[in-house]
Amino acid sequence: GDGGGGGGGGDDTTTLDDEVRYQALFDALHEMRSTIATEIGVAKGRHMPPFSIARNNILENLARKTPDSLEQLLGANYKDSSDGVFIRNHGERVWKTLQKALAIFRGEVPPASPPPQQQQQQ
């Protein structure tokens, strides 16, 4: 007999893989947002809460439905004006963050480890 079908494609059920991928991308975007908030906060000399940079909602959407290209990311229509501003200001960084997270998720790139020169000899 044959080994059975490989399961149908094309339906909208989320697999565990999708969830893991989503979480990996969301975490990467979340970390990027914190970094941006810190950088802007330092530049402005005051604390910037990360949610003032981008709402969780836009990070979730980008992690769930990743754009195919930087052009698509920048050209998309964002319902919330603050999302549009975030993408206009930080689109390239968002794109690079997504690409890197995807590469790590696929096992193409090992997760970044701290640079070796950070270890102090006692």
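**View 1. The surface of the predicted protein model.** The accessible surface comes to about 8,700 Å², worked out by the Shrake-Rupley method with a 1.4 Å probe. Carbon and sulfur atoms hold 50% of that surface. This is a predicted model, where local features need pLDDT of at least 70 and side-chain atom pairs count only at pLDDT 80 or more, while totals for chains, interfaces and linings use all residues. Residues are numbered from 1 along each chain as its sequence is written, and side-chain values use heavy atoms, with hydrogens and water left out.

**View 2. Four helices and zero strands.** Follow the sequence and you get α-α-α-α; helices here are DSSP runs of H or I with at least four residues, and strands are E runs of at least two, numbered from the N terminus.

**View 3. The largest nonpolar core, with 25 residues.** Such a core is a set of buried Ala, Val, Leu, Ile, Met, Phe, Trp, Tyr and Cys residues joined through side-chain atoms within 4.5 Å, buried meaning under 20% relative accessible area (1.4 Å probe, protein chains only). Helices H1 (16–44), H2 (56–64), H3 (70–75) and H4 (81–106) each give two or more residues to this core, and H1 gives the most, with eight.

**View 4. Around leucine 73.** Leaving aside neighbours within four places in sequence, Leu73 is in contact (heavy atoms within 4.5 Å) with Leu62, Pro67, Tyr78, Ile87, Gly91, Val94 and Trp95.

**View 5. Residues 4–9, where pLDDT stays under 50.** pLDDT is the predictor's confidence in each residue, from 0 to 100. For this stretch the model has zero contacts beyond four places in sequence. The protein as a whole averages a pLDDT of 87.

Key. Buried < 20%, exposed > 50% of the residue type's maximum accessible area, 1.4 Å probe, protein only.
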